[in-house]
Amino acid sequence: MDLSKLTITEARRALDAGEYTSLELTNAYLEAIRTRDADIHAYLEVWEDNAREEARAADLLIKAGKAQPLTGIPLAIKDNMLIKGRIVSAASKMLEHYRASYDAFVIEKLKAQGAVLLGRTNMDEFAMGSSTENSAYGPSKNPLDLSRVPGGSSGGSAAAVAGNLAVASLGSDTGGSIRQPASLTGLVGLKPTYGSVSRYGLIAMGSSLDQIGSFGHTVADTKVLFDATRGHDLHDSTSIADYEPSGKVPKVIGVPRSFLSQGIDPDVLEQFEKTLESLHARGYEIRDIELPNVPYSLAVYYIIMPAEVSTNLGRLDGIRYGLSVTGENIQEVYGKSRAAGFGPETRRRILVGTFVLSAGYVDAYYRRAQKVRSAIRDEFVQAFASGIDAIVTPTTPSPAFKFGAKSDPVAMYAEDVFSVPVNLAGVPAISVPNGTVEREGVRLPTGFQIIAPHMREDVLFKIGEDVERA
Amino acid sequence: MTDNGVDIRALAKLARLDVTNEEVAKLEQEIPSILGFVDTIQKADVPNEISQPELRNVMRADTDAIESGIHTETLLGAAPTREGDYVAVKQVITRKSN
C-alpha cells in the first residue's frame, strides 16, 4: 500500500471500492510510525490498539454502505484537543499526566463520522512558538530535511502528514500555527473564520485569536476536515451561527505591495510573483492594495496574545489539576508549580502579558493594541468591500530554517509577520504550496497565503485549487 | 530592575511564577527587547474608538446546569490532593511570627 501523499479523497475512494480496509490502512500507518517516527518525532503518543478498534468499527460501517467522508480515515490530532480519558499535555510538563474529562467538540464530530485517531502530535508548549523547539518533549523534525524545523506551533501535525504518518490532521492557529508549518512542510493548511469551528475542548492560548483548522496534502482534504468539524456550538460563546460559505466567484486578487517590501527572501518573493502570474493567466485580475496599519500587526499581536496567555494560563496553578509542587503555603504552591511546569517561552509570554496588563502600562500597551487591532480589522473589511475578493501574501518570509537558528525571541516572532494579521481580523486564510527554493542543496517548499472575507472559505478553496493546478 | 523600568521580580510575583536569579538576569535582557519591538504600535495612525466586532469573549449563561455530582469523581481525580469531595489546598492565610 502506497501511503506517499495519500489523500482523504483517494483513501475514501479506495475504502469504498473495497481495495483495502480501514484496518489495513491503519496498520500501514502504524507500521510507518513505528519505523520512521523515531527520526521525525511527529507524535507524542500513538494509540495503536484503539486506532485498530476504530478501524474495525469503520470497516463495518463502510461494508454496510454507511460511510461518511471521514469514516475509516487515519488522522492525527494536535496535543491540545481533549479526548475523553486520554492524556492531553499541550506539550507541557504542566499537563504531562493530565487526562481529559470530556471530548472536544471537534473530536465528537470526528468520532461521529467514524474517523480513526492515530495519536496526539507534538507542538510548541501551549501552542507558543514557530518551530516545536518549545515542546517540553523535544522538537519534531521536518520530514523533508531532518536538520530543519517543521514550523510551529502545530509542527507535529504538519510533520505527521508531510512524513506520510497520517492522511491528514487537525491543528490550531492563533497567529499562524497551522499556515506556517504547512508552508514549511509542503502541505495545505487551513485557518477557518474565527468562530466557525468550536474551541470547546481546545486548550486555550489567546482566546480572541485561537481557531482550530486542518492540514492535508490537498485543498480538497482541508475542506473535508473543515466541513466535518464546523458548526455552531453552545459550549463556545464565540461560536458563530451555521453558515454555508458561498457567494460570488472570486475574480479580483489584492496584493498589499508595501507590506511585502521588506524582510522576504528574494527567491521566496520570486516564487510568489510566479504564482501571481499564473493566477493572472487563469483570468484573475491582480490589483495592488494599501493596508496602512497591517504592518503593525506583529507588534499588536505580541501584546494582545501574551495578555490573553497570561490570563488563560492563570488557571494552571497546581491546585485543581496538572503539575503540583508542594510548599509551605498556597502562594508557594502556585509559584513553585508554575515555575516547574512552564518552559522558558511560556514563562516569557506570561511575564510580558502581565506587564502589558499591569496598572500604569495597560493604556499604552494593551488598550492601544486593541485600537490598532480594530483598525486592522476595519482595513480588511474595507478592502473586501471595495471589490477585492481575496488578499494574498507569501505565508512566511523564508523556507524552513535550521534548529537553533532563531534563538532570539523577536527573530522567531518575525516568522509570523504575514500570518498574524489574519487572526487579528478573524478572517479565514489558507496556505497552499507554490513551489520550492533551494537551501544548501535541498529543495524546500514555499507557501502562498490566500485571505478571504469572513465566512468565505469557498474563496480560499477556489483560488487554492487554482494555485494547485498552476 | 532594568534601565527602562521593567521590574522582572515584581512581574513574576504578580504572575505567581517563581524565578531564579539566573532567569531574572536573562529576562532583564529579553523582555525589554520584546517591549521595545511592540512599542512600534505607538506610531500607528488609528482612530481613538474601537469598532466592536460581532463576537466577544464572554462566559455563556449558566443555564441547563448538569446534575450535581455526576462529574465529581472525574474532576476530583485530576486534583493533586483531596479530602472527601473537596480539593485540599495549603494554608492560605499565614500568621506572621513576632
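# Reading a predicted two-chain model

User: Which residues of helix 4 in chain A are buried?

Analyst: In this predicted model, Phe105(A), Val106(A), Ile107(A), Leu110(A) and Gln113(A) of helix 4 are buried.

User: What do those buried residues of helix 4 pack against?

Analyst: Their partners in chain A are strand 2, strand 3 (116–121), strand 4 (168–173), strand 6 (211–216) and helix 7 (219–229). Just after helix 4 comes Gly114(A), which takes a positive phi of about 80°.

User: What does Ser101(A) touch, leaving aside residues up to four places away in sequence?

Analyst: Ser101(A) touches Lys84(A) in its own chain, and Thr74(B) and Leu75(B) in chain B.

User: Where is Ala91(A), and what is noted about its phi?

Analyst: Ala91(A) also lies in the loop between strand 2 and helix 4 of chain A. Its phi is positive, about 55°, although Ala91(A) is not a glycine. With a relative accessibility of 0%, Ala91(A) counts as buried.

User: How do you know that Ala127(A) is buried?

Analyst: Ala127(A) has a relative accessible area of 6%, and the limit is under 20%, so Ala127(A) is buried. This residue is found in the loop between strand 3 and helix 5 of chain A. Ala127(A) has a positive phi of about 70°, and it is not a glycine.

User: What kind of peptide bond joins Gly152(A) and Ser153(A)?

Analyst: That bond is cis, with omega at about 5°. Ser153(A) sits in the loop between strand 3 and helix 5 (155–162) of chain A.

User: Now the charged side chains. What makes Arg13(A) and Glu10(A) a salt bridge?

Analyst: A salt bridge needs a side-chain nitrogen of Lys or Arg within 4 Å of a carboxyl oxygen of Asp or Glu. The closest N and O atoms of Arg13(A) and Glu10(A) are 2.9 Å apart, so the pair meets the definition.

User: How are Arg13(A) and Glu10(A) placed in helix 1?

Analyst: They are three residues apart in helix 1 (residues 8–17) of chain A, which separates them by about one helical turn. An α-helix has 3.6 residues a turn, so residues three or four places apart point the same way.

User: Are Asp145(A) and Arg148(A), which meet in a salt bridge, buried or exposed?

Analyst: Both are buried. Their side chains meet at 2.9 Å, N to O.

User: Which residues are linked in a network of salt bridges?

Analyst: Glu31(A), Arg34(A), Glu48(A), Asp49(A) and Arg52(A) are linked in such a network. A search of the whole structure finds 41 salt bridges over all chains.

User: Why is chain A called as compact as a globular protein of its length?

Analyst: Chain A has 15 helices and 11 strands. Its radius of gyration is 21 Å, close to the 23 Å that the globule rule gives for 470 residues, so chain A is as compact as a globular protein of that length. Buried residues make up 65% of chain A.

User: What about chain B: how many helices and strands are there?

Analyst: Chain B has three helices and two strands, in the order α-α-α-β-β from the N terminus on. Of its 98 residues, 23% count as buried. Chain B exposes about 7700 Å², with carbon and sulfur atoms supplying 50% of it.

Key:
Residues are numbered from 1 along each chain as its sequence is written. Chains are lettered from A and ligands numbered from 1 in the order in which they are written. Side-chain values use heavy atoms; hydrogens and water are left out. Helices (H or I, at least four residues) and strands (E, at least two) are DSSP runs, numbered from the N terminus. The radius of gyration is taken over C-alpha atoms; the globule rule is 2.2 Å times the number of residues to the power 0.38. Buried means under 20% relative accessible area, exposed over 50%, partly exposed in between (1.4 Å probe, protein chains only). Accessible areas come from the Shrake-Rupley method with a 1.4 Å probe; for residues, only the protein chains shown count as cover. Contact means heavy atoms within 4.5 Å.
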